[in-house]
Structures are given as C-alpha cells and as structure tokens.
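Here's a quick briefing to read with the model open beside you. Grab your viewer and follow along, topic by topic.

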Amino acid sequence: MENGLRLWEVFVQSRTGKPHEHVGSVRASHAEMALQHARDVYARRGPVVSIWVVPTEAIYATQPGDEGPFFDPADTKPYRHPLFYKVPHGVKNI
Amino acid sequence: MNLETLDTAIRPALFEYLLRLGDDALILGHRLSEWCGHGPYLEEDIALANLALDCLGHAEALLTLAGQVEGEGRTADDLAFLRDAYEFRNAQMVELPRGDFAFTIVRQFLFATYACLLYEALQQSVFEPLAGIAAKALKEMRYHLRHSREWIRCLGDGTEESHRRTQNALDELWMYTGELFEVDDTLQTLTQAHIAPDMTALYSAWNAQVMTTLQEATLTVPENPPYMATGGRRGHHTEHLGYLLAEMQFLQRAYPGAKW
C-alpha cells in the first residue's frame, strides 16, 4: 500500500475461448479503478475481449525451495501429457 | 444528406456548428494533454493522456468536416493552428486552466455527460458524415464518463481534503455549464433541419444524470449561481484561451507549414 494504492495483477484474454494471460500489474485504489487502468495500459493497442484484475496479495504462490517436491516428479511420466490424442479437425484454441 | 446533397443555404450554420463541436474537443484535449508527465501517479497519467488523444481525434474529424462544409479548402490543421481566439467557438468551460486534479476530473465529468448525450442524439442526424463521427466518438466518450464518474465518487466521498477540492471545483465550474445548452439562431436552424438535436431534452437528461452522481459523491451544486458564463459560441473567451493558443499554435505560427 503506497499513497492508498494497492497492487493488482492484470490478466487479459485476446479471443473468446483462449485463457486469460498474465500481462503485468497496475496500482489502483480499488477494483474498478484497477480495471480501468489495466484497460489503458494493457488493452488499448491489442485485440482484447476480457480483462481480470486480481489483488496481488490474493495470490498464494510456490517458493523457489518448493521446486523439487512440486515439479520434478512429473519428469518421468509422459503418460500425463495429452500426447496420444488427435485433436479433431477444426477445433481451435485448445 | 451528405456533403454533395447539402443545401447551400445551410452551409454557414453547419460550418459554425461543426466549429463549436470541434473546438470543444480540441481545447479540452489540449487541457488534458497538459497533464502528461504531471499525473498524480503513473497509471492515471496514462489515463489522462489517453483521454486527451481521444479528444484530439474527435477534433480532427470534426474540424476536417467543418473545412469541407465551408468549402474554402481549409484543413483541420489550418482551423486548429491558424485561427485567433475570437474565431474559436468552444464553450468557455473547456478553456479554463487545468487546475488541480479535482478540477480536471469535475470538468471531464460534466463535459463527458453532455458529450455522451449529444453524440448519442447526433447519431440520428440527417447529415450522415456527422452521424458517423458521432457514433465513433460516442464509444470513447462513454469511457471518459465511466472514468471521470468513478473518480467523482472517490474524491467526493473520500477524505476531507478530496471532498473540499472536488466541491470547490464544482462551485467554480457550475456557472460554465449553461453555455453547453444555449440555443441561438444557428442551432435553431440546424435543429429544424434535423441535423442537430433538441437541446431542451438533452439538458433535462444531463441534469438528471449529473445530479444522481453528485448525490452519490456527497457533492452539492451551487443553489443560485450569480451568473451563467456565455459568449464562447460567439468568439468571446476568457483570457485563458489566448495563452493556450500561444502555446498550442506556436510552432505553426513561427514556422509556417512546418512538418515532421
């Protein structure tokens, strides 16, 4: 909190059906203003259909020390990857 | 009705009207642009510069059309940079110095509420090029209204200082609101021709919308304003416009025809 401003993470969706992607952050006093600032900073030049803003402090994240137990066990399990399916012709944004 | 089918008799009034609309956008845009690099924080600095650019875009479209209606070969740049203060037709409200942030926001809110209603109505104008510009500008003005209205609520219903500054700005600006709805011969001619909307209906809608937001923001309008400013539409301006033009027009005046 700096001068009554909180930090918000910004996620934008470029087309319907695509995931919202993290693009950066803005400072704002409250959610509506954060949304407007996100629009001005991140949505004015590109195609955007939806914006989310999330208070940064609401994000609970892994720490660098969590790497091993969290992520390494997936390395030897290729069957967890959806590599053995054929995507039907004409399906987009999967 | 378009430029080719336009009645010659109505051209002078329409040129005058387009100057009013275009000059409002141009001068307000310039005042907003003065915030660039001076905003209260980075994100709002960007927001204000965006609003300024929107206004300049509207001004360019409207003044280009004005030049075409006039038929003397003047471009938007000619009209913006080579006219003197007495030839400008903007309402005095938009030429007042930017003041503090509250002043800029209150002006933007009062003007954007008016401009949204005006452009909404102008979409029905029988003069097609103007209806087209109005439809495009309306989308941007709706955002100006959303942004400034949000700030009005924050500032009015915020701290003791923000309330005081916002109320002061409103007290100062209120006497400049009457001019936006003035009806004279020019406007009457265009209203009868269904080119411009009826300002009486527009004023009622504006008043209702403004009052709702001000109430939410715990702000009050001066009950008996001693005086309503007038004259901008006839080229009578406050002293501030001259200084604004001196800065805005300097380059074209000092180096005529300069391009980059």
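Let's start in a loop: B:T218 sits in the stretch between α8 and α9 (239–254) of chain B. Keep in mind that this is a predicted model.

**Loop residues with positive phi**

- B:T218 isn't a glycine, yet its phi is positive, at about 55 degrees.
- You'll find B:H194 in the loop that links α7 (185–192) and α8 (199–216) of chain B.
- B:H194 has a relative accessible area of 55%, and because the cut-off for exposed is over 50%, B:H194 counts as exposed.

**α1 against α2 in chain B**

- Helix α1 (residues 11–33) of chain B and α2(B) cross at roughly 160 degrees, and their axes come within 7 Å.
- Angles over 145 degrees count as roughly antiparallel, so α1(B) is roughly antiparallel to α2(B).
- The crossing of α1(B) past α2(B) is left-handed.
- Sort the residues of this α1(B)–α2(B) contact by type and you get 20 nonpolar, six polar and three charged.

**α2 against α5 in chain B**

- Helix α2 (residues 42–70) of chain B also packs with helix α5 (residues 128–156) of chain B, at an angle of about 160 degrees and with the axes 11 Å apart.
- Which way do they run relative to each other? With that angle, α2(B) and α5(B) are therefore roughly antiparallel.
- α2(B) goes past α5(B) in a left-handed crossing.
- On the α2(B) side, the contact residues include B:E44, B:A47, B:L51, B:D54 and B:H58.
- On the α5(B) side, B:P129, B:L130, B:I133, B:Y143 and B:W151 are among them.
- By type, the α2(B)–α5(B) contact has 13 nonpolar, three polar and three charged residues.

**Two buried spots in chain B**

- B:T166 belongs to helix α6 (residues 160–173) of chain B.
- With a relative accessibility of 1%, B:T166 counts as buried, because the cut-off for buried is under 20%.
- What does B:T166 touch, leaving out residues up to four places away in sequence? Its contacts are B:A102, B:V106, B:L155, B:G156 and B:L219.
- B:A115 is part of helix α4 (residues 101–122) of chain B.
- B:A115 is at 2% relative accessibility, so B:A115 is buried.

**Where chain B meets chain A**

- Chain B puts 14 residues into the contact, and chain A puts in 13.
- About 1,400 Å² is buried between chain B and chain A, and 50% of that comes from carbon and sulfur atoms.
- Which residues of chain B lose the most area to chain A? They are B:Y41, B:E43 and B:Y143, which together make up 42% of what the chain B side buries.
- One of those, B:Y143, also turned up above in the α2(B)–α5(B) contact, on the α5(B) side.

Conventions: Residues are numbered from 1 along each chain as its sequence is written. Chains are lettered from A and ligands numbered from 1 in the order in which they are written. This is a predicted model: local features need pLDDT of at least 70, side-chain atom pairs count only at pLDDT 80 or more; totals for chains, interfaces and linings use all residues. Side-chain values use heavy atoms; hydrogens and water are left out. Axes are lines fitted to C-alpha atoms, for helices over the stretch in contact, and angles run from 0 to 180 degrees between N-to-C directions. Helices (H or I, at least four residues) and strands (E, at least two) are DSSP runs, numbered from the N terminus. Angles under 35 degrees count as roughly parallel, over 145 as roughly antiparallel, 65 to 115 as roughly perpendicular and the rest as oblique. A crossing is left-handed if the near helix is turned anticlockwise from the far one by less than a right angle, and right-handed if clockwise. Contact means heavy atoms within 4.5 Å. Ala, Val, Leu, Ile, Met, Phe, Trp, Tyr, Cys and Pro count as nonpolar, Asp, Glu, Lys and Arg as charged, and the others, Gly among them, as polar. Buried means under 20% relative accessible area, exposed over 50%, partly exposed in between (1.4 Å probe, protein chains only). Buried area is the accessible area (1.4 Å probe) that two parts lose on being put together, summed over both.
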